[in-house]
Amino acid sequence: MSHVSTPLSSAIDSAARAGGTRTLRAVDYLRVSTEEQKKGYGVARQSRKTTRHIALKQWAHVGTYKDEGVSGSLEAADRGDLKRLMDEAQQTPRPFDIVVVPDGRVIGRKGRAFWRWVWALEDIGVFVAVVADDYDNTTTEGRKKMRRDADYAETEWETIRGRTQGGLQEKAELTPAAHIGGRAPYGYRIANKGTPGSYLVIDEDEANVIKHVYDLVVGEGLNLRKATVRLISEGITARSGKTWTRDNLRDRIMSAPVLDAALVFRGKHAKRDENGDPIWGDSVRIELPRILTEEQSEELRRKVAETAKHSSGKRWVYPLSGRVVSLCGKGHSGFGYAADREVARFYRCIGNGPKDLGQESCGCSRIDADALEHVWKHVTEIASDSDRLQELAAEWIGMAAGDTSALVDRIADLDQQIEGMNASMAAVIVAAAKQSKTSDAIEAATAVLNEELQQLQNLRDEAAEWLAEMEESDQYARDLIALASMAKNSFPDMAPKQQAAILSMLELKVTITGPVPDDRRGGVPCTVRAWYATAGLGIPAAALSDEEWAMVAPLLPKGRRGTVRRSVDAIFYKARTGKSWPNVLKETGATIQASKHFNAWTSDGTWSRVNAALAHVEQVPLPELQLLPSMVIEGRVDPSAMLNVEERSRRGCR
């Protein structure tokens, strides 16, 4: 049942029953954009308005929500504190009855952001009050004012944006080396900054760094990583004052402004219409003064390509890259190599190879990829719960159970209002015609009604669009359930990109909560374990007795002060426990020679003969390898991912 026409008294009565008083509980929502912050406007100014308004209305001020540096074009789910407000509004008992905002633009500059937020609150019995012009949506007149306010805010926003974009287009076309906005590219600075005629000129200090890097790469043959190390050692910092990273240096030195002496305004990322044409104007190439000559630029490109570290050409897919959070709080990415004809695949923390070469490694251990990717069984548990999937899908679009019927009722109510408005217009036209008024007079008499009718029609269109999205999301959820049901059995056989796409749809997240077991902590395959697995042999259950040692000693070289015997005990200990060599050596007292002995003895057959001589000794099987640390696995459904699986899979496969 829709709550569109719910009188405010019902909300007040609910509050009275909950708290023993008829005082309305109010919260205020405050928002300033980044531009407003730059101009010195903060939420404190808005807070004074809303606090005074709440006091004048004699409401109880029970909370404040605020988003700073947030665009008014974003919807509620994309604003941090506004999303929190919406989540808490759904609690039982409800913590507040009305939301107070200083003006309509705080809600949103676009009708979509404005109305969906207001409607979502109305449908749960929470109302909205606007301090400017002192109105709220508890009455018909208040709702009319709110419609006018929303239409004005969006029209104003579109007008300002159109003028701004037109001015930028003209500047890009007519001003040499025009500065269109944002930070100057590295190697340049802004001349006449803060004026309409600002343009880019060479920054001599940064240009000298670029030329120095050119000498290091072209003259000395260094790659960009080594060039980065040289800059750090020489105390040369990036524009931010921080030490250079290899990626930062590459992005700055190998940029189009540096190598091509040009910028493209409205390039490949320009906003386009449904036909693919730029909305605000054609692309413009802005020529810049050169830092490097054309010949130097081409030589730098060639040398960077030559000195770049090339992989073996073999690439493996890691569907969990970017979805694993380590103990240090950073993410994991895939890493693999071929060793002894075997593929070794791992996930390693990006903190172990910091981009900033001046930072220390975090020390987080690698995790075996094959073992970690078995978390899929937990994913299928999420995916096989149809009710849970439906709840998560509803959560994604900001709707709760029953909202579909509320929107249907809202559309029906708007249809009635539109029908009534059309009838009113017809009556005015008939009355004017009877009075023999001119067409201009009739048009003037119906102007206000026409404006009101258009506002109602816009609302009706918005509600219908939202309803269609909800119905589509239901279908996405059903598709996802079917996909997960299929994947439950066939996931291991899927292509890696398919695996990554499904994981992306479920927004899987794995948080590491404990250390990686010692078994494979370093991420290097255990050669001792591999030997016993291949041979199919058991392992002596305990350290060798003197009698047992006497049986194998003749098969082994003599060592000083028991070195060889300690090596044998260390190898058996490693096989029994699966621990790393550093820990094995520490716990057994053996030396690094143990590892070297094992490699030599397996190569010449000595180790096979030692195990054959001990065949009668009590044996234990090769232990199960413990590869995974303790972890928390989470997932939620984003039905929009179904719209573009390929794009999401590219993000999930690294």
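User: Which helix holds Asn-599, and why is this residue called partly exposed?
Analyst: Asn-599 lies in helix α23. Helices are DSSP runs of H or I with at least four residues, strands are runs of E with at least two, and both are numbered from the N terminus. Buried means under 20% relative accessible area, exposed means over 50%, and partly exposed is in between (1.4 Å probe, protein chains only). Asn-599 has 40% relative accessibility, so it counts as partly exposed.

User: What kind of model is this, and how are residues numbered?
Analyst: This is a predicted model, in which local features need pLDDT of at least 70, side-chain atom pairs count only at pLDDT 80 or more, and totals for chains, interfaces and linings use all residues. Residues are numbered from 1 along each chain as its sequence is written, and side-chain values use heavy atoms, with hydrogens and water left out.

User: How do you know how confident the predictor is in the chain?
Analyst: Look at pLDDT, the predictor's confidence in each residue, from 0 to 100. The chain averages 75, and 68% of its residues score at least 70. Over residues 396–402 the pLDDT is below 50. The stretch 637–654 is also below 50. Where pLDDT is low, the predicted coordinates should not be read in detail.

User: What makes up the chain overall, and how many of its residues count as buried?
Analyst: The chain has 25 helices and 17 strands. Of its 654 residues, 42% count as buried. A contact means heavy atoms within 4.5 Å. Among contacts between residues at least 6 apart in sequence, 68% join residues at least 24 apart.

User: Why is α21 called roughly perpendicular to α23?
Analyst: The two helices pack at an angle of about 80°, with their axes 9 Å apart. Axes are lines fitted to C-alpha atoms, for helices over the stretch in contact, and angles run from 0 to 180 degrees between N-to-C directions. Under 35 degrees is roughly parallel, over 145 roughly antiparallel, 65 to 115 roughly perpendicular, and the rest oblique. The angle therefore makes α21 roughly perpendicular to α23. Contact residues include Thr-563, Val-564 and Ile-571 of α21, and His-597, Phe-598 and Trp-601 of α23.

User: Why is the pair of Phe-572 and Trp-607 called tilted?
Analyst: Rings of Phe, Tyr and Trp (its six-membered ring) pair if their centres lie within 6.5 Å; planes under 30 degrees apart are stacked, over 60 edge-to-face, and the rest tilted. Here the centres are 5.0 Å apart and the planes stand at 40°, so the pair is tilted. Phe-572 sits in α21 and Trp-607 in helix α24 (residues 606–613), 35 residues apart. Phe-572 and Trp-607 are buried.

User: What kind of pair do Trp-601 and Trp-607 form?
Analyst: This pair is stacked, with 6.0 Å centre to centre and 10° between the planes. Trp-601 and Trp-607 are both buried. Phe-572, Phe-598, Trp-601 and Trp-607 form one aromatic cluster. The count of aromatic pairs comes to 6.

User: What sits over the ring of Phe-346?
Analyst: The charged end of Arg-366, 6.0 Å from the ring centre. The rule asks for NZ of Lys or CZ of Arg within 6 Å of the ring centre and within 35 degrees of the ring normal.

User: Why is α9 called roughly perpendicular to α10?
Analyst: Helix α9 (residues 224–233) and helix α10 (residues 246–253) pack at about 105°, with their axes 9 Å apart. That angle makes α9 roughly perpendicular to α10. Among the contact residues are Leu-231 of α9 and Leu-249 of α10.

User: Where is Gln-58, and why is it called exposed?
Analyst: Gln-58 lies in the loop between α3 (43–56) and β2 (60–68). Its relative accessibility is 67%, so it counts as exposed. Its phi is near 60°, a positive value in a residue other than glycine. Most residues other than glycine have a negative phi, and most peptide bonds are trans.

User: Why is Ala-177 called buried?
Analyst: Its relative accessible area is 11%, so Ala-177 is buried. Ala-177 also has a positive phi, about 55°.

User: Which peptide bond is cis?
Analyst: The bond from Thr-92 to Pro-93, with omega near -5°. Pro-93 is in the loop between α4 (80–89) and β3 (98–101).

User: Why does Val-201 count as buried?
Analyst: Its relative accessibility is 19%, so Val-201 counts as buried. Val-201 belongs to strand β7 (residues 199–202). Residues it touches include Tyr-188, Arg-189 and Pro-289.

Definitions and conventions:
Lists of a residue's contacts leave out its neighbours within four places in sequence.
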